[in-house]
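Subject: Structure handover

Dear colleague,

Here is the structure for your files.

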Amino acid sequence: MDLLNTLVDKGLRRELPTREEALAVLATSDDDLLDVVAAAGKVRRQWFGRRVKLNYLVNLKSGLCPEDCSYCSQRLGSKAEILKYTWLKPEEASKAAAAGVAGGAKRVCLVASGRGPTDRDVERVGRTIEAIKEENEGVEVCACLGLLSDGQAERLRSAGADAYNHNLNTSEGTYGDITTTHTYADRVDTVQKAHAAGLSACSGLIAGMGESDEDLVDVVFALRELDPDSVPVNFLIPFEGTPLAKEWNLTPQRALRILAMVRFVCPDVEVRLAGGREVHLRTLQPLALHLANSIFLGDYLTSEGQAGKADLEMIADAGFEVEGTDTTTLPEHRSDAASCGTGGGCGSGSVCSSEEPAPAATTEQAGTEQVRADQARTDLVAVRRRGAGTDLAPNA
């Protein structure tokens, strides 16, 4: 396909695709899927070889969030029967993090439910970061605490945080349909605060919430402009008890096309295969490793993932290798830019604002994109009952 040849050439040169080209990737047919994966895989290997970075989540505070994000099992009014607990003590969080590091995780992601941290919360997380780094030499720590106030990003960096995560989740045009208690602009502001403080910015999206192709391209282009070092791609986990419990919109093929589009738009950025991969990619997860160079190991915040051992076997069987702590994840040009406080490469190059329509999906493709009610894999949505906040061993 001329489209894929063009996208590969651009990706290898760090020249970014047009909006029309990104939409065209999402419109490709299932017959072309392996060609799409192979093309995006060339770009992935150019910048990240066959390495896979492992990340491990520790949910510091679960449930009872005052925000109304429709996709979240921890939201205001959620009836999902998830674990609910207040802040873990630093030693408890460190113990949980150690399990992930022992399983091969290079980065530990500390997450807490809520609108945003108080200054006391920032101090608490700072002590937790210190405890984790004392026990695990070389580990990266990313904080994800919600909306940041002035000065908090700087304090987290001083406490030892390496990165800060705050996802855009969906396009600006549809954000109000998903969340009403804060705005899209609030999220952008927090990512910019993290970046300005010298933290490695991590920001991504959630696919499968009923959005259009245009929405997906909008949010990925917006992420490119923010220039994060890592872009987590989540696939909606439709928890019972949340407003989006019936939104089963993704097929494995659709999920792969979305990952490929993200890779083409952000060719030299850490693209992370995040929540929902087991639910929506299922047996096609190994193919996703040709697109994403980073995954979460084991369980997520409130749901269970596949066994950590199975993750490691999948990586090895697919011909990839776990990235070690002695290896820099990002390409040299992005690492150098990050060290001097400037943007890297996701947002480099010209932006084309072409609004020409992408090729229409074929009838055959349209049929595979519609997930019937009897295809919804509710059996794969497992509430987390182990690890942080419990007396059971974590999955790592």
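The crossing of α9 past α10 is right-handed. This is a predicted model, and in it α9 covers residues 213-226 while α10 covers residues 252-265. Their axes come within 10 Å and cross at roughly 35°. On the α9 side, the contact is made by Asp213, Leu216, Val217, Val220, Phe221 and Arg224; these meet Arg254, Ile258, Met261, Val262 and Val265 of α10. Sorted by class, this contact has eight nonpolar and three charged residues, with no polar ones.

The other pair is α1 (residues 2-12) with α2 (residues 19-26). These two helices pack at an angle of about 125°, and their axes are 11 Å apart. An angle between 115 and 145 degrees is neither roughly perpendicular nor roughly antiparallel, so α1 and α2 count as oblique to each other. Here the crossing is left-handed. From α1, Leu3, Thr6, Leu7 and Lys10 are in contact with Glu21, Ala24 and Val25 of α2. The classes in this contact are four nonpolar, one polar and two charged residues.

Last, the second largest pocket. Its volume is about 260 Å³. The lining includes Leu88, Glu92, Lys95 and Ala96, together with Gly387, Ala388, Gly389, Thr390, Asp391, Leu392, Ala393 and Pro394. Six of the lining residues are nonpolar, three are polar and three are charged.

Regards

Conventions
Residues are numbered from 1 along each chain as its sequence is written. This is a predicted model: local features need pLDDT of at least 70, side-chain atom pairs count only at pLDDT 80 or more; totals for chains, interfaces and linings use all residues. Side-chain values use heavy atoms; hydrogens and water are left out. On a 1 Å grid over the protein atoms alone, a cavity is a set of points where a 1.4 Å probe fits but cannot get out, and a pocket is an open set with protein on both sides within 12 Å along at least five of seven lines; lining residues have an atom within 4 Å of a point. Grid points are joined across faces, edges and corners, and a volume is the space filled by probe spheres set on the points. Ala, Val, Leu, Ile, Met, Phe, Trp, Tyr, Cys and Pro count as nonpolar, Asp, Glu, Lys and Arg as charged, and the others, Gly among them, as polar. Axes are lines fitted to C-alpha atoms, for helices over the stretch in contact, and angles run from 0 to 180 degrees between N-to-C directions. Helices (H or I, at least four residues) and strands (E, at least two) are DSSP runs, numbered from the N terminus. Angles under 35 degrees count as roughly parallel, over 145 as roughly antiparallel, 65 to 115 as roughly perpendicular and the rest as oblique. A crossing is left-handed if the near helix is turned anticlockwise from the far one by less than a right angle, and right-handed if clockwise. Contact means heavy atoms within 4.5 Å.
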